[in-house]
Amino acid sequence: MDNVALGIVIIIAGLIVLTIILKLCTKFVYLRYFLMVAAAVATIAVSFAMPESDGTFDLNWAAGHFISIFAFSVFTFAEMAFDKEDYIEREYRDIDDTRIEITDRPRTRSLFWTALGSSAAIAAILVVLNYVFFPTNAIALGVVGCIALVWTIISIIKFARWNYRLKHGSKDYY
């Protein structure tokens with residue numbers, strides 16, 4: 001098996017595993033938050049562990065940054081990944097010179113590839129911007145990781161408080 005075929009097999013297996021993990025994240029919210037915290041910590045660790053370079057692009061560190069930021073972003077979008085979007089597809093057909101027949105069909109599409117694509121775009125843009133503005137270190141991505149970690153912790157606290165109030169809170173909202 002050559003390298004291209006092996007790469008395709010690894011990508012397909014990775015997508016299957018990622019789909020299973022994302023489906024679990026939609027069922028268990030605290031698993032999603034745990035994975036978001038882990039991805040944010042990985043972003044911080046990769047950023048601050050990166051040695052100072054001479055300004056050359058290092059693909060190994062860029063891949064580490066890309067994977068950790070992609071993971072954070074895709075776990076943030078985990079709820080959206082399995083949503084369905086309904087839209088109307090309109091088709092026009094000329095009957096003769098003066099008449100047009102219009103056919104509307106309801107369609108549904110999944111947002112799974114939108115979640116994966118936007119996560120990949122976010123990760124790629126942040127990695128490229130870091131290497132454009134800070135070619136010798138990854139301090140900007142470390143700051144992005146710190147912001148992501150703080151935002152996730154605040155989200156966990158808000159969700160836990162809302163969940164606690166929902167189960168045990170007072171009924172004074174009547």
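The exercises below are about a predicted model, and each one comes with a worked solution.

**Exercise 1. Decide whether His 65 is buried or exposed, and find what it touches.**

Step 1: Locate the residue. His 65 sits in helix α3.

Step 2: Check its accessibility. The relative accessible area of His 65 is 0%. Buried means under 20%, so His 65 is buried.

Step 3: List the contacts, skipping residues up to four places away in sequence. His 65 then touches Val 46, Ser 47, Met 50, Val 127, Tyr 131, Ala 138 and Leu 141.

**Exercise 2. Work out how α2 is oriented relative to α1 and to α6.**

Step 1: Recall what you need. Two packed helices are described by the angle between their axes and the distance between those axes.

Step 2: Start with α1 and α2. Their axes come within 5 Å and cross at roughly 125°.

Step 3: See which residues meet. Ile 21, Leu 24, Cys 25 and Lys 27 of α1 face Val 29, Leu 31, Arg 32 and Leu 35 of α2. By class, this contact has six nonpolar, no polar and two charged residues.

Step 4: Turn to α2 and α6 (residues 139-168). Here the axes come within 8 Å and cross at roughly 160°. Angles over 145 degrees count as roughly antiparallel, so that is how α2 and α6 run. The contact of α2 with α6 has 18 nonpolar, seven polar and no charged residues.

**Exercise 3. Describe the largest nonpolar core: how many residues does it have, and which elements contribute?**

Step 1: Count the residues. The largest nonpolar core has 28, and those with the most contacts inside it are Leu 18, Leu 22, Val 74, Phe 75 and Leu 116.

Step 2: Name the elements. Two or more residues each come from α1 (3-27), α2, α3, α4 (78-81), α5 (112-133) and α6. Helix α3 gives the most, with seven residues.

Step 3: Zoom in on Leu 22. Leaving aside neighbours within four places in sequence, its contacts include Val 74, Phe 75, Phe 112 and Leu 116.

How values were computed
Residues are numbered from 1 along each chain as its sequence is written. This is a predicted model: local features need pLDDT of at least 70, side-chain atom pairs count only at pLDDT 80 or more; totals for chains, interfaces and linings use all residues. Side-chain values use heavy atoms; hydrogens and water are left out. Axes are lines fitted to C-alpha atoms, for helices over the stretch in contact, and angles run from 0 to 180 degrees between N-to-C directions. Helices (H or I, at least four residues) and strands (E, at least two) are DSSP runs, numbered from the N terminus. Angles under 35 degrees count as roughly parallel, over 145 as roughly antiparallel, 65 to 115 as roughly perpendicular and the rest as oblique. Ala, Val, Leu, Ile, Met, Phe, Trp, Tyr, Cys and Pro count as nonpolar, Asp, Glu, Lys and Arg as charged, and the others, Gly among them, as polar. A nonpolar core is a set of buried Ala, Val, Leu, Ile, Met, Phe, Trp, Tyr and Cys residues joined through side-chain atoms within 4.5 Å. Buried means under 20% relative accessible area, exposed over 50%, partly exposed in between (1.4 Å probe, protein chains only). Contact means heavy atoms within 4.5 Å.
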